[in-house]
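Student: Could you take me through the metal site of this model closely, and then show me how the rest of the chain is laid out around it?

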Amino acid sequence: MNNSSVAKVKTEDINKRIIGAVEGDPDGPTVVVLAGMHGNERAGVEAVKNVIGTLHGIEPPIDGHLLGLRANISALEQNMRYIDEDMNRIWFPSVISEVRETPEKELGSSERVEMKRLLRILDNIENRTNGPVILADVHTFSADGWMFTITSSDPKQRKLLSKLHVPMVFGIEESLLGTALGYYQKQGFVSFGLEGGQHRHQLTEYNTTASLMLLLQAVGCIEQQYVDQIKKYEKHMRSHTKYLPVETELVYQHIIESGDEFRMQPGYKNFQPVKKGEWLASDKEGKIVARCDGYILMPLYQSQGNDGFFIIKEHES
Ligand SMILES: [Zn+2]
């Protein structure tokens, strides 16, 4: 390819990658929403479209900048979690340097090409703003059950995320290696994962939309008095999550090795209480039982993925 056709491919990719943007005062906060890091998790992309649609044309305009991005375009097009490797397990400084330095055609996986293209946009964000940068990585999951956020237990971040009225889970961001949110947390961004609900559940897109609107309010990009929908979203989220623990922490993660033949017992949902010794899943070694009491999180009911389930408990502060 000559230089002008390379430039054309880059521009086309950037246009496809940007779900939408709303720009106000450049001194305000920048909220970046990554959606579709896993290509079978499409509700996040729709939620970002909803938020951007609502915010276009509001008066006064938003304070700051909202940017919604598709992370894994190839996987989204094929409605698969990933093509060659899990894009949310490769955000290691060593891999990122290699991805930056290697020409696209020499990169070994579709996800590394996606990462290289996504970085072209993410790398520019800090140069464009004087305000804080907040990164929300939006996902959905295969089991039924309640939404939650994956976040560090940093007090400032907890205070901010408490305004979303979504249960917070601490510790997963440390135990899952190579996530984008873990990488950007180390770069000094406020970054968290928003797990909006079951992939195709009718409420998942709505709940994700509502949470993102409350995030924009919490960081100061928008104010309730100028955006009619916020009150409705806040009321909905408060009542939707009313009976759930506000702050929880990871106590156990079941990792699936290749060839394990892992099968979750049917019927488990996020935040369902489990008792020590309860039969949760099976693999080629036999029964897998809960090692402790707690709530089950993200029991795996799809073929792609390396985490069988998590057990969390209420956080004692
Ligand atoms: Zn995901």
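Tutor: In sequence, the donor residues of the zinc ion follow the spacing H-x2-E-x97-H. The model is a predicted one, and in it the zinc ion is coordinated by His38 through ND1, by Glu41 through two OE entries, and by His139 through ND1, at 2.0 to 2.4 Å. The angles that these 4 donor atoms subtend around the zinc ion run from 57 to 146°, which makes the arrangement irregular; to count as tetrahedral, four donors would need all their angles between 85 and 135 degrees. For orientation, the ideal angle for four tetrahedral donors is 109.5 degrees.

Over residues 27-203 the chain is 37% helix and 22% strand, with the end C-alpha atoms 34 Å apart. The domain assignment, for its part, divides the protein chain into domain 1, residues 3-240, and domain 2, residues 248-314. The C-alpha centres of domain 1 and domain 2 lie 26 Å apart, and the contact between them takes 24 residues from domain 1 and 19 residues from domain 2. About 1700 Å² is buried between domain 1 and domain 2, and carbon and sulfur atoms give 57% of that area. On the domain 1 side, the residues that lose the most area to domain 2 are Arg81, Ser142 and Ala143, which together account for 24% of what that side buries.

Two helices deserve a separate word. Helix H9, residues 204-219, holds Asn207, which counts as buried because its relative accessibility is 3%. Leaving aside neighbours within four places in sequence, Asn207 is in contact with Met147, Gly196, His236, Met237 and His240. Helix H5, residues 110-128, contains Arg117, and this arginine touches Val9, Asp13, Arg17 and Glu104 when residues up to four places away in sequence are not counted. From Arg117 to Leu215 there are 98 residues in sequence, and the C-alpha to C-alpha separation in space is 26 Å.

Finally, some details of the backbone are worth checking by eye. The peptide bond joining Glu59 and Pro60 is cis, with omega about -10°, and Pro60 has its place in the loop between helix H2 (43-55) and strand S3 (65-70). His165, although not a glycine, has a positive phi of about 60°; this histidine lies in the loop between helix H6 (155-162) and strand S7 (168-170), and it counts as buried because its relative accessibility is 18%. Phe271, again not a glycine, has a positive phi of about 70° and is found in the loop between strand S11 (269-270) and strand S12 (272-274), where its relative accessible area of 6% makes it buried.

Definitions and conventions
Residues numbered from 1 in each chain as written. Predicted model: local features only at pLDDT ≥ 70, side-chain atom pairs only at ≥ 80, totals over all residues. Heavy atoms only, no water. Donors = N, O, S within 2.8 Å, 3.2 Å for Na, K, Ca; no water. Tetrahedral: all angles 85-135°; square planar, octahedral: opposite > 155°, others 65-115°. Helix = DSSP H or I, 4+ residues; strand = E, 2+ residues; numbered from the N terminus. Domains from an automatic or database assignment. Contact = heavy atoms within 4.5 Å. Buried area = accessible area lost by both parts, 1.4 Å probe. Buried < 20%, exposed > 50% of the residue type's maximum accessible area, 1.4 Å probe, protein only.
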